[in-house]
Structures are given as structure tokens and as C-alpha cells.
Amino acid sequence: MPFKTDLVTTPSKTKWNKSVLVGSLVYQSPLLKKTITVPTGFITDFASIPRAFQLFIPKMARHRAAAVVHDYLYSIKSRYKTTRKEADQVFLEAMKASGVNWWTRHAMYRAVRVFGGFLYKGQKK
């Protein structure tokens, strides 16, 4: 099982529509051959799914832990020395590990490949 810990969050008291990790989320990536540890206190919005698409892909579904790992890789890209494409591929593999169906995970992967560049470039190193 690639996820070594469970995702445990609480709503943020200071940031609207965001959540804070209560405990570390540990993911062993077969692609990167590295363990990714998202620290306690990391703030996430899970997946940034436009409201119109939430009818087809709910924001709070099986992909949540994969989205947190993806958010984290985008936010600290220099630590794991990952490219944007690698971070997106880890998102795809983590969704598969979380039991997200083929259609949903590939739709979400394609969305981050097309639109994720804006967020990736905007993050601090």
C-alpha cells in the first residue's frame, strides 16, 4: 500500500475553504522511488475542481489524499526535485492507489496537465 498513513484533516480557522493536516500524510511513490511526507499543519484545498464539474467529480472523494500529495509537491518542488510533469504523474499513480476509477483519475490528470502550470509557476520554491 503506497499510502503509509491515513489522511486526517480539520477545517482551517484562518483560510476559507481550506483544510489543515492534523497528522503527517506519508506516501511511497513507485514512480519517484521516494517517500513523500506531507507535514502536519500543511494547508490544502484538496482538488481545485470548478463548481460546474463537481456534479461529475465531487471535491471530497477518494482522490483527496492524492490531491494533498500533489498540492504538496507543487508547493515545495525543489525538495523532492520533481518536475511539474512528475508531480502530475504522482497524482495519477496516487489516485490509482486510492481506488479512483480510470475515467475520473485520467480526467483529473488531464486537467492538471492542462491547467496546473499556472499554479506550479506561481508557487514559491
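View 1. K33 sits in the loop between β3 (25–29) and β4 (34–38). Helices and strands here are DSSP runs, numbered from the N terminus: H or I over at least four residues for helices, E over at least two for strands. This is a predicted model: local features need pLDDT of at least 70, side-chain atom pairs count only at pLDDT 80 or more, and totals for chains, interfaces and linings use all residues. Residues are numbered from 1 along each chain as its sequence is written, and side-chain values use heavy atoms, with hydrogens and water left out. K33 is not a glycine, yet it has a positive phi of about 55°. K33 is exposed, with a relative accessible area of 70%. Buried means under 20% relative accessible area, exposed over 50%, and partly exposed in between (1.4 Å probe, protein chains only).

**View 2. β3 and β4 form a hairpin.** The two strands run antiparallel and are joined by five bridges. Two strands pair if DSSP finds at least two bridges between them. Four residues lie between the strands of this hairpin. Y27 stands opposite I36 in β4. Strands of a sheet pair through backbone hydrogen bonds, either parallel or antiparallel.

**View 3. Three strands make an open sheet.** The order is β1-β2-β5, and the pairing is antiparallel. β1 (9–11) and β5 (43–44) stand at the edges, each with a single partner strand, so one side of each is left without a neighbour in the sheet. Strand β2 (residues 19–21) is joined to β5 by two bridges. S19 has T44 in β5 as its bridge partner.

View 4. D71 is placed in helix α1 (residues 64–75). D71 is buried but has no salt bridge. A salt bridge is a side-chain nitrogen of Lys or Arg within 4 Å of a carboxyl oxygen of Asp or Glu. The nearest side chain of opposite charge is K18, 7.1 Å away. For charge, Lys and Arg count as positive and Asp and Glu as negative; His and the chain ends are not counted. D71 touches F42, T44, D45 and F46, leaving aside residues up to four places away in sequence. Contact means heavy atoms within 4.5 Å.

View 5. R84 pairs with D88, the closest N and O atoms being 3.8 Å apart. Both lie in helix α3 (residues 84–97), four residues apart, about one turn of the helix. R84 and D88 are both buried. D88 also forms a salt bridge with R113, where the closest N and O atoms are 2.7 Å apart. R113 lies in helix α4 (residues 102–122) and D88 in α3, so the pair ties together parts that are 25 residues apart in sequence. D88 has a relative accessible area of 0%. R113 is partly exposed, at 27%. Shared partners join R84, D88 and R113 into one network.

View 6. The 14 residues of α3 should span 20 Å, and its end C-alpha atoms are 20 Å apart, which agrees. The expected span is 1.5 Å times one less than the number of residues. Buried residues of α3 include A87, V90, F91, L92 and M95. E93 is also among them. Just after α3, G99 takes a positive phi of about 85°.
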